[in-house]
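Here are my notes on this model, point by point. Have the structure open while you read.

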Amino acid sequence: MVSLIAEIGRQKRSAPLEGSTAIAIDDLLPPITNPPHNVFCVGKNYHAHAHEFTKSGFDAGATAAEAIPEHPIIFTKPSSSLARPFGDIPLWPGLDEAVDYEAELAVVIGKAGRFITAERALDHVFGYTVFNDVTARDLQKKHKQWFLGKGIDGFGPIGPWIVTKDELDIANVEITCTVNGEERQKTSTKDLIFDIPTLIEVISRSVTLLPGDIIATGTPAGVGSGSALSHPGS
């Protein structure tokens with residue numbers, strides 16, 4: 001699904017312990033299943049994707065002049081959306097006409113805090129994982145908000161590994177996504193509009209962040225809705 005999973009897997013893989021039982025990669029579970037809050041998500045947080053999404057026709061009411069947000073767009077997905085990283089996406093009649101992928105770098109909070117400044121935001125981070133913000137685009141447009149189109153049960157594959165914060169240079173992490181072996185997304189976090197410390201500062205002004213909270217930091221360009229390759233159900 002997302003190449004960052006494979007990269008983290010190579011970093012963390014070790015020889016099986018004697019007497020242990022091998023687990024098929026398809027059976028691996030999410031590293032977090034019940035975070036203290038809903039998953040915090042960020043909309044239109046990569047420059048190229050912000051323009052792509054505004055032109056797609058699914059960004060209800062937005063104009064080209066409003067493509068780049070002045071402030072972070074924060075929404076949530078319920079914990080019931082969290083799913084196995086390599087499992088099938090559950091599709092239901094009426095909810096499967098325009099399902100889209102969104103590869104994202106996700107932050108896992110390790111230390112509680114409120115009114116956290118950007119300067120000390122990373123002190124509150126435990127580590128990072130990968131997240132797929134699966135979206136029903138038609139619902140997103142129809143309801144003119146993002147919760148129903150993104151909060152569907154099973155529409156949040158995550159993990160399977162969390163890497164500690166010292167293992168990634170978050171200013172330059174490459175995010176890629178392949179669909180049926182075809183690369184669709186490939187961008188660095190250099191293209192973020194609002195960086196991770198800024199997101200933590202903004203969210204923690206309103207909500208006390210707790211250990212185990214997840215912040216999905218936004219998706220880069222190349223989603224199905226913005227691609228000439230896209231089609232309903234892609």
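This is a predicted model: local features need pLDDT of at least 70, side-chain atom pairs count only at pLDDT 80 or more; totals for chains, interfaces and linings use all residues.

Which residues have the most contacts inside the largest nonpolar core? They are L105, V107, Y128, I196, I200, L209 and I215, in a core of 24 residues.

Two things before the details. Residues are numbered from 1 along each chain as its sequence is written, and side-chain values use heavy atoms, with hydrogens and water left out.

1. A nonpolar core here is a set of buried Ala, Val, Leu, Ile, Met, Phe, Trp, Tyr and Cys residues joined through side-chain atoms within 4.5 Å; buried means under 20% relative accessible area, exposed over 50%, and partly exposed in between (1.4 Å probe, protein chains only). β5 gives the largest share, 4 residues. Helices (H or I, at least four residues) and strands (E, at least two) are DSSP runs, numbered from the N terminus.

2. V107 and a second core. Leaving aside residues up to four places away in sequence, V107 touches V125, G127, Y128, I196, D213, I214, I215 and T217 (contact means heavy atoms within 4.5 Å). There is also a second, separate core of 12 residues, with C41, A106, W146 and I214 among them.

3. The aromatic pair. Rings of Phe, Tyr and Trp (its six-membered ring) pair if their centres lie within 6.5 Å; planes under 30 degrees apart count as stacked, over 60 as edge-to-face and the rest as tilted. F75 and W146 are edge-to-face, because their ring centres are 5.1 Å apart and their planes at 80°. The two are 71 residues apart: F75 is in strand β2 (residues 73-77), and W146 in the loop between α3 (137-142) and α4 (147-150). F75 is buried at 10% relative accessibility, and W146 is buried at 15%.

4. A charge over W146. The charged end of K150 sits over the W146 ring, 6.0 Å from its centre. The criterion is NZ of Lys or CZ of Arg within 6 Å of the ring centre and within 35 degrees of the ring normal.

5. Salt bridges around R137. The whole structure has 7 salt bridges, each a side-chain nitrogen of Lys or Arg within 4 Å of a carboxyl oxygen of Asp or Glu. R137 bridges D100, with the closest N and O atoms 2.9 Å apart. This links strand β4 (residues 99-100) to helix α3, 37 residues apart. R137 also meets E102 at 2.7 Å, N to O; E102 lies in the loop between β4 and β5 (103-109), so this pair ties together parts that are 35 residues apart in sequence. E102 is buried at 4% and R137 at 2%. A salt-bridge network links K77, D100, E102, D133, R137 and K150.

6. β10 pairs with strand β11 (residues 182-188) in the antiparallel sense over 6 bridges; pairing takes at least two DSSP bridges between the strands. S188 is the bridge partner of E174. With 2 residues between the strands, the hairpin has N180 at a positive phi near 55°. R184 and E182 form a salt bridge (3.4 Å, N to O); R184 is buried at 17%, whereas E182 is partly exposed at 37%.
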